[in-house]
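Hello,

Here is the structure we talked about, followed by notes on what turned up in it. Please read them beside the model.

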Amino acid sequence: MIEILEAEQGGAKVLRVDGCLTASRVAPVKEAREWLARRREFLDKVKTVFVLGLGSGHHVRALRESCRARIVVVEANADIVSMHAELGIVPADVQVLHADSLRALRGNERVRELVTASFVVLTHPASVARGAEVYHEFRRLLIGRDWGTLNWQWNMRNGPSLDGTTRISGEDQAPLTIYDLEQTELVQNSEEGERLVFKALRELVK
Amino acid sequence: MKILVVSLLRLGDAIMLAPIVNGLARGRADARVDMLTFKPVDMLHAMMPNVRRWWTMDRQELQAGLGRADLPALTSFAVLDEQLRAIDAEKYDLIINLTQTHFSAYVMGLLKSPDRLGLTFDLKGQTHFHSPWFRHLNESLDGGPIFHFTDVFMHACGLGSARADWSMPATEKGGRGLGFVRESPRCLSDADFR
């Protein structure tokens with residue numbers, strides 16, 4: 001069940017889903033700005049910002065106010081997506097996608113197109129707390145720091161397949177880094193220009 | 001003539017390029033000089049009015065994207081690739097690398113231009129300098145360099161016979177800082193300028 005509540009400060013609308021608040025009941029706008037202040041990297045450089053979780057939408061509005069990139073929100077709960085047409089908190093130029101499984105997200109044509117350019121991923125903690133499993137999988141797919149998801153992203157760019165060997169450290173569960181990319185078939189088989197970009201980046205962490 | 005000067009080191013290195021930037025800008029009536037530096041160095045833009053457009057790379061952000069588990073693995077790759085394409089879209093007639101680092105040499109190899117000067121690694125991994133003057137940077141005599149690197153760069157850019165113009169106009173912010181120091185000598189913080 002979804003309820004619409006009013007925040008104690010400022011009267012902003014807050015959604016409560018199955019008894020769980022999706023934003024601060026006291027000051028959701030302030031909370032959203034503080035959330036954004038903690039993660040500023042690349043926001044003024046990338047083409048797309050993926051936000052995992054729509055919640056009450058205040059965090060998306062705060063992001064829109066300070067970021068010119070395309071914003072795509074992925075929400076696993078279809079009822080929350082429907083409710084937002086009524087709430088009017090999320091700006092009209094923000095795209096909201098409903099995906100309730102990893103398969104749905106991987107198959108989404110818009111997502112497949114957007115991962116071919118630069119992007120970052122922000123997660124909405126209250127949404128992730130409600131649907132931890134599916135948001136964890138969404139995040140893993142978009143972060144691309146394991147062979148499978150990185151291979152998927154690279155294929156979307158029409159790049160060659162990754163080598164099947166494990167990461168350099170031998171710890172399969174640890175996130176990938178530039179050290180792994182430099183040694184893989186991904187780089188070895190890339191076009192010369194792409195290979196040179198990797199070599200340039202590698203210089204930055206020597 | 002559109003010229004891009006690449007200086008991917010620190011603030012002091014970019015300050016030492018003032019005579020080259022001034023010389024290039026005044027060398028031809030149609031010269032337009034742009035700079036490519038790391039992010040903090042663009043604070044010099046107000047003091048280098050001969051630079052038309054200032055491109056910046058955020059070194060710390062690119063580094064963070066390479067290793068931090070909460071950032072997508074390909075973000076630094078995509079951001080750098082897109083920025084280099086944006087620079088290429090300016091269609092520079094000449095690109096000059098006044099940095100002697102591997103990173104800058106790869107950047108030079110990735111940028112497209114009909115003419116270039118300075119350390120470059122091409123797509124086949126070969127090294128080019130495009131002027132014998134750059135080789136003097138590594139020469140030493142009795143343990144010390146023979147030439148100051150600003151002089152090497154001046155000669156490499158064909159400005160060897162020109163008088164080095166070190167002028168950098170004062171800014172309002174700098175003037176206020178000087179006033180503070182004269183009144184009470186101390187280290188200044190950003191708060192002093194607000």
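Helices (H or I, at least four residues) and strands (E, at least two) are DSSP runs, numbered from the N terminus. On that basis chain B has seven helices and nine strands. This is a predicted model, in which local features need pLDDT of at least 70, side-chain atom pairs count only at pLDDT 80 or more, and totals for chains, interfaces and linings use all residues. Residues are numbered from 1 along each chain as its sequence is written, while chains are lettered from A and ligands numbered from 1 in the order in which they are written.

Chain B: its C-alpha atoms fill a box of roughly 60 × 50 × 45 Å along the principal axes. Of its 194 residues, 36% are buried (20 or more other C-beta atoms within 10 Å of the residue's own, with C-beta atoms placed from the backbone).

The largest nonpolar core has 99 residues, and B:Val5 and B:Val6 have the most contacts inside it. Such a core is a set of buried Ala, Val, Leu, Ile, Met, Phe, Trp, Tyr and Cys residues joined through C-beta atoms within 7 Å. Leaving out residues up to four places away in sequence, B:Val6 touches residues including B:Leu36, B:Ile95, B:Val107 and B:Met108 (contact: C-beta atoms, placed from the backbone, within 7 Å).

Between the chains, helix α11 (residues 192-204) of chain A and helix α5 (residues 102-110) of chain B have axes that come within 8 Å and cross at roughly 160° (lines fitted to C-alpha atoms over the stretch in contact; angles from 0 to 180 degrees between N-to-C directions). That makes α11(A) roughly antiparallel to α5(B) (an angle over 145 degrees).

Regards

Definitions and conventions: Angles under 35 degrees count as roughly parallel, over 145 as roughly antiparallel, 65 to 115 as roughly perpendicular and the rest as oblique. A residue is buried if 20 or more other C-beta atoms lie within 10 Å of its own, exposed if 12 or fewer, and partly exposed in between; C-beta atoms are placed from the backbone. Two residues are in contact if their C-beta atoms, placed from the backbone, lie within 7 Å.
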